[in-house]
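I opened this model to look up a few helices and the residues on them. My notes follow in the order I took them.

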Amino acid sequence: MPVAFEGFIGRVLIFFSSSVFAVVSNHLVAMWAFLEIGTLAIAPLIFYARDREALHASWKYLVFSVVGLGFNLLGLLCLARAIGGEHG
């Protein structure tokens, strides 16, 4: 099996497992962290073709996902602040 294919399979498994853990996690911050891990695992897979368009698409996906998940984290922090919790 070629080395590039083994790296591809490894990243796919990381993406699938982080997606499953995000769905079954019972904590919003853990869900956010697993989604970020999935984003970081899938970005190199988009660049698998190793051409200019794949690089452009990979960076676009990474930037939009990180910005979107950043807003998600901000919303989670606002929600935690509004609820109060132990230290609020």
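**Helix 2**

I began with burial. The model is predicted. In helix 2, I found Trp32, Glu36, Gly38, Thr39, Ala41, Ile42, Ala43 and Leu45 buried. Next I checked the length of helix 2, which covers residues 28-46. Its 19 residues, at 1.5 Å a residue, should span 27 Å, and the end C-alpha atoms are 27 Å apart, so the two values agree.

**Ser18**

I then moved to helix 1 (residues 3-24), where Ser18 lies. Is Ser18 buried or exposed? Its relative accessibility is 3%. The cut-off for buried is under 20%, so Ser18 counts as buried. Which residues does Ser18 touch, leaving out those up to four places away in sequence? I noted Phe34, Ile37 and Gly38. For Gly38 I also looked at the polar atoms. Its backbone nitrogen lies 3.4 Å from a polar atom of the Ser18 side chain. Gly38 is itself among the buried residues of helix 2.

**Val12**

Val12 is also found in helix 1. I read a relative accessible area of 18% for Val12, so it counts as buried. I took one distance from here. Val12 and Ile83 are 71 residues apart in sequence, and their C-alpha atoms are 36 Å apart in space.

**Surface patch**

Last, I looked at the surface. Leu55, Trp59, Val63, Phe64, Val67, Phe71 and Leu74 form a nonpolar patch there. Together they have about 760 Å² of accessible area. I picked out Leu74, which sits in helix 3 (residues 52-83). Leu74 counts as partly exposed because its relative accessibility is 47%.

Terms used. Residues numbered from 1 in each chain as written. Predicted model: local features only at pLDDT ≥ 70, side-chain atom pairs only at ≥ 80, totals over all residues. Heavy atoms only, no water. Helix = DSSP H or I, 4+ residues; strand = E, 2+ residues; numbered from the N terminus. Expected span 1.5 Å × (residues − 1). Buried < 20%, exposed > 50% of the residue type's maximum accessible area, 1.4 Å probe, protein only. Patch = residues over 30% accessible without salt bridge, like charges linked within 9 Å, V, L, I, M, F, W, Y side chains within 5 Å. Areas by Shrake-Rupley, 256 points an atom, 1.4 Å probe, with all protein chains shown as cover. Salt bridge = Lys/Arg side-chain N within 4 Å of Asp/Glu carboxyl O. Polar contact = N/O pair within 3.5 Å; in protein donor to acceptor, adjacent residues only side chain to side chain. Contact = heavy atoms within 4.5 Å.
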